[in-house]
Amino acid sequence: VSLANHGRTFHALCIEPFCRKLTDSFTAAFLARYHRLAWLPLYYPETLARELAGLPHNLPNTDFAYPTSGAVATLVQRIEAQVRAVPNVSVIEGKLTSLTHREGRGPFTLSTAAGTEISADQLVWASDPEQLLGLIGRKSDVALEKTSLVLASALVDSAELGTPRSTLLLPEDERLPFRITNQSFAAGQAERLSRICCEWNAAFLDGSPEEMSRRTRDALFDLNIVRRHEAVAEVYVDAFKGALALPTRTNFDLSARRDQQLATLLPGVMRVGPAAPFGATSLNDQIVQGIKIGLELGGGAWC
């Protein structure tokens, strides 16, 4: 898709190194219909050429919305609070230890480490599929290929910011993050300290959190995000090892095998979210899946 859109030169100079830097994989490994999951920009060279030449083009601008009153997690927390308040919803918290069933169908009984048992005729599973298999004493016969991610969150003196940018993508130079986002600027907030997030692919990183903090400060200075190293008040580094299952052909095939294993062993379990088919795990996907499950379980009032 990228080669068809951009041609070999633009692809080789921009898209290929960005994919390599972002995912530690080459573009040929990815499925075209899932390209957005790897956050690869697909811009047409003709559009870029006309824009740089100051010529009019017919494509409308793309408007991006940014949460101004909190993170997406805030929305999820509000939804959870509303669900907990529904009269016929019970929430039982605790580590699950086993699942009993009748030939993969209901009635189902979940047991917790505290000795609590939850029984129902129908079961909807929205967590890790490997955990579901573990509850019946089985293991997945596949292991998806996963890449790692490091997030460096910085608090920066707003008075020392250089050129204001909402988001900066860096397709080349593995010494720098692949994406830098000024979250305060994007949200239209003017405060003494600005929140800036730097995203690194852990495959290209070596060193301790202290070393990553130093590299983040250097990157913000080198890119004129801040005018002085001292403007960075604090950096918090969080590493997510093996966090992302990328949309590669290999992972698609492995996921299909795992889905077949689950369908054979537990055909009566409805699966959504991370346990759903490959590539259907975004928040929007899960909202639609939840509405569908509500309808299937008899929630005729859903709209």
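Predicted model: local features only at pLDDT ≥ 70, side-chain atom pairs only at ≥ 80, totals over all residues.

Confidence came up first: I found a mean pLDDT (the predictor's confidence in each residue, from 0 to 100) of 85 for the protein chain, with 89% of its residues at 70 or more. Strand β1 (residues 96–102) has the highest confidence at 96, and helix α2 (residues 45–52) the lowest, at a mean of 67.

Residues are numbered from 1 along each chain as its sequence is written, and side-chain values use heavy atoms, leaving out hydrogens and water.

I then looked up the secondary structure and found eight helices and 10 strands; these are DSSP runs, H or I of at least four residues for helices and E of at least two for strands, numbered from the N terminus.

Of the 303 residues, 34% are buried, meaning under 20% relative accessible area with a 1.4 Å probe, protein chains only.

I also checked contacts (heavy atoms within 4.5 Å): among those between residues at least 6 apart in sequence, 61% join residues at least 24 apart.

Conventions. Buried < 20%, exposed > 50% of the residue type's maximum accessible area, 1.4 Å probe, protein only.
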